[in-house]
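Please open the structure in a viewer and follow the stops below in order. Each stop names a selection and then describes what is found there.

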Amino acid sequence: MPAARSRLLYVTDLAYRARGRRYGDEDVFLASRLREEFDLALCHPLDAAALMGAFDGVIVRNSGPVLGYRAQYDAFRERALREGVRVYNPLTGRADMLGKQYLLDLSAEGHPVIPTVDRAEDLHLLPPADRYVVKPKLGADSLGLRIVGADDLPALADGATLVQPCVDFRYEVSFTYVDHDFQYALYAPDPDRRWQLEPYEPTVRDLEFAHRFVDWNDLAHGIQRVDACRAPDGELLLVELEDLNPYLSLDALDDAGRDAFVAATIRSLRRFLAG
């Protein structure tokens with residue numbers, strides 16, 4: 001008798017429109033490859049809580065920003081944790097899946113992060129700049145992001161928003177990991193075209209930078225994307241540590257790169273489901 005295949009509920013919003021990204025295309029491709037190893041069913045994030053009990057595990061992929069369905073997402077998290085549902089990425093992440101508080105924590109601890117505060121009384125801790133970025137702590141996908149001058153900051157730094165200097169970076173670069181293993185890096189040579197990505201060959205120092213944040217997050221399983229910007233002095237600064245549903249930009253990889261990523265993800269899922 002052939003061994004029983006694990007049953008996976010693949011959570012995605014195929015219809016979500018993201019600037020510069022095609023969520024649906026990426027998930028159709030990845031789901032088609034995972035079906036070779038698992039019994040797979042796709043569902044919208046609003047249906048996940050009701051359906052997940054019939055599966056061996058849940059993989060959350062391009063489900064879109066949870067701001068639009070915060071109450072349902074919180075209920076999904078609470079139920080999954082209470083009932084011991086295996087969710088991939090595991091719900092123990094310390095980064096974006098909990099909002100942006102981690103940027104404040106990492107900044108306060110002296111990590112190489114864009115300086116970040118959230119209260120008016122801490123604005124003096126930021127370096128002087130001509131412009132500042134203000135965004136919600138629970139934001140995602142640039143929702144609610146504003147560029148303002150220094151005079152606007154006292155009224156906006158209310159504890160619910162993050163304030164950062166607007167860094168004149170050279171480019172953005174993303175490092176993708178499966179579990180704690182580096183997979184590939186992509187960068188946007190033109191800062192004004194964030195999602196026009198090209199392969200990037202990281203240096204040893206680049207990987208040391210990215211890996212410190214993967215180690216900090218301490219997820220034994222899952223897919224993470226470390227987003228950074230190259231500051232004018234040549235150093236990398238963390239922009240975001242995406243550990244909930246990172247878009248993978250698989251269309252920017254060649255066939256060999258996509259195959260390697262899929263193989264790493266299948267190995268990770270097998271270990272995760274075996275528990």
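**Around helix H4**

Begin with the cover of helix H4: strand S5 (117–119), strand S8 (158–165), helix H6 (204–217) and strand S13 are among the elements over its buried residues, contact meaning heavy atoms within 4.5 Å. The model is predicted, so that local features need pLDDT of at least 70 and side-chain atom pairs pLDDT 80 or more, while totals for chains, interfaces and linings use all residues. Residues are numbered from 1 along each chain as its sequence is written, and side-chain values use heavy atoms, without hydrogens and water. Helices (H or I, at least four residues) and strands (E, at least two) are DSSP runs numbered from the N terminus.

Next select H4 itself, residues 101–108: Tyr-102, Leu-103, Leu-104 and Leu-106 are buried, that is, under 20% relative accessible area with a 1.4 Å probe, protein chains only. Just after H4, Gly-110 has a positive phi of about 85 degrees.

**The open sheet**

Now display the 5 strands of the open, antiparallel sheet, ordered S11-S10-S9-S12-S13; strands pair if DSSP finds at least two bridges between them. S11 (198–199) and S13 (236–242) are the edge strands, each pairing on one side only. Zoom in on S10 (residues 181–188), which is joined to S11 by 2 bridges in antiparallel fashion. Tyr-187 has Glu-198 in S11 as its bridge partner.

Conventions: Buried means under 20% relative accessible area, exposed over 50%, partly exposed in between (1.4 Å probe, protein chains only).
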